[in-house]
Structure formats: C-alpha cells, structure tokens
Amino acid sequence: LLDTKDLVYRTLSADAILLYSLLLDLVSLSQKSGWLDEAGRVYIRYPVNKLVEKLHCGRDKVLRLLTELEMHDLLLRQKQGRGKANLLFLRRY
C-alpha cells in the first residue's frame, strides 16, 4: 500500500492506510471462517469500539477513517441495526 502508484492509495491519510491494513488482515480471517453474505461477498463484523482499541484513538477518529475509506471507494458499511456491529465489505483486496 505504501509503495503503490495507485492514486487511490496515495491520497489516503496514513491512519486510513493503517486501518485498511488492519481490515485486510481481518478479511482473510473472515474468508477462512466462511463469512459470506447472500451474494457471496466476504464481510467483516468488527465493532467500532474494538477498532478504537486496536488503533489507540478515539471513536470519532475511527468513524472519520471509515468514512475516508468509503469516500475512496475502498469500503462499504452495511448497518445491522441497534447494538449490532456493521458489516464491513472491502472493495479491493
């Protein structure tokens, strides 16, 4: 991600790259666990508070980083309802 010439990755903040890298690791675990939606897409179910712990930052920052990844078309968040973690779909991996 850091050595790429792909403009999408070069315009991401360093923190967004770190989050995306973490999500890439998690998507490989989801694949191994067979976490697929009805369309066959691999998803991650990881609560925001766990991302806050992993990245050692605040909730608002994690939400901003997730939005940054969405704006760069690298992530899709699917809401699951009150109290449930969103499903996260990486668009490139």
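Predicted model: local features only at pLDDT ≥ 70, side-chain atom pairs only at ≥ 80, totals over all residues.
Trainee: Where does aspartate 37 lie?

Mentor: Aspartate 37 is in the loop between α2 and β1.

Trainee: Is aspartate 37 called buried or exposed, and why?

Mentor: Buried means under 20% relative accessible area. Aspartate 37 has 11%, so it is buried.

Trainee: What polar partners does the side chain of aspartate 37 have?

Mentor: One is the side chain of arginine 41, at 2.7 Å. Another is the backbone nitrogen of alanine 39, which lies 3.0 Å from a polar atom of the aspartate 37 side chain. The distance limit for a polar contact is 3.5 Å, so both values fall within it.

Trainee: Now serine 30. Where is serine 30 found?

Mentor: Serine 30 is found in helix α2. That helix covers residues 14-33 and lies across β1, β2 and β3. Helix α2 runs at about 100 degrees to β3.

Trainee: How do you know whether serine 30 is buried or exposed?

Mentor: Relative accessibility is 4% for serine 30. The limit for buried is under 20%, so serine 30 counts as buried.

Trainee: What lies 2.9 Å from a polar atom of the serine 30 side chain?

Mentor: The backbone oxygen of tyrosine 43. Beyond neighbours within four places in sequence, serine 30 is in contact with Trp35, Val42, Tyr43 and Ile44.

Trainee: What does isoleucine 44 stand opposite?

Mentor: Leucine 88 in β3. β1 and β3 (residues 87-90) pair in the antiparallel sense over 2 bridges.

Trainee: Why does that count as strand pairing?

Mentor: At least two bridges are needed. β1 and β3 have 2 bridges, so they pair.

Trainee: Which are the edge strands of the sheet?

Mentor: The sheet is open, with 3 strands in the order β1-β3-β2 and antiparallel pairing. The edge strands are β1 (44-45) and β2 (75-78), as each pairs on one side only.

Trainee: On to α4. How does the reach of α4 compare with the span expected at 1.5 Å a residue?

Mentor: α4 (residues 59-71) has 13 residues and reaches 18 Å from first C-alpha to last. That is close to the expected 18 Å.

Trainee: Which residues of α4 are buried?

Mentor: They are Val62, Leu65, Leu66, Glu68 and Leu69.

Trainee: Why are the buried residues of α4 said to line one face?

Mentor: Look down the axis of α4. The buried residues fall within an arc of 155 degrees, so they line one face of the helix. They pack against α2, α3 (48-55) and β2. The face turned away from the buried side carries the exposed residues Asp60, Arg64 and Met71.

Trainee: What follows α4?

Mentor: Aspartate 73, with a positive phi near 60 degrees.

Trainee: How many helices and strands does the protein chain have?

Mentor: There are 4 helices and 3 strands. From the N terminus on, they run α-α-β-α-α-β-β. Of the 93 residues, 37% are buried.

Key:
Residues numbered from 1 in each chain as written. Heavy atoms only, no water. Contact = heavy atoms within 4.5 Å. Axes fitted to C-alpha atoms, helices over the stretch in contact; angles between N-to-C directions. Buried < 20%, exposed > 50% of the residue type's maximum accessible area, 1.4 Å probe, protein only. Polar contact = N/O pair within 3.5 Å; in protein donor to acceptor, adjacent residues only side chain to side chain. Expected span 1.5 Å × (residues − 1). Arc of directions from axis to C-beta.
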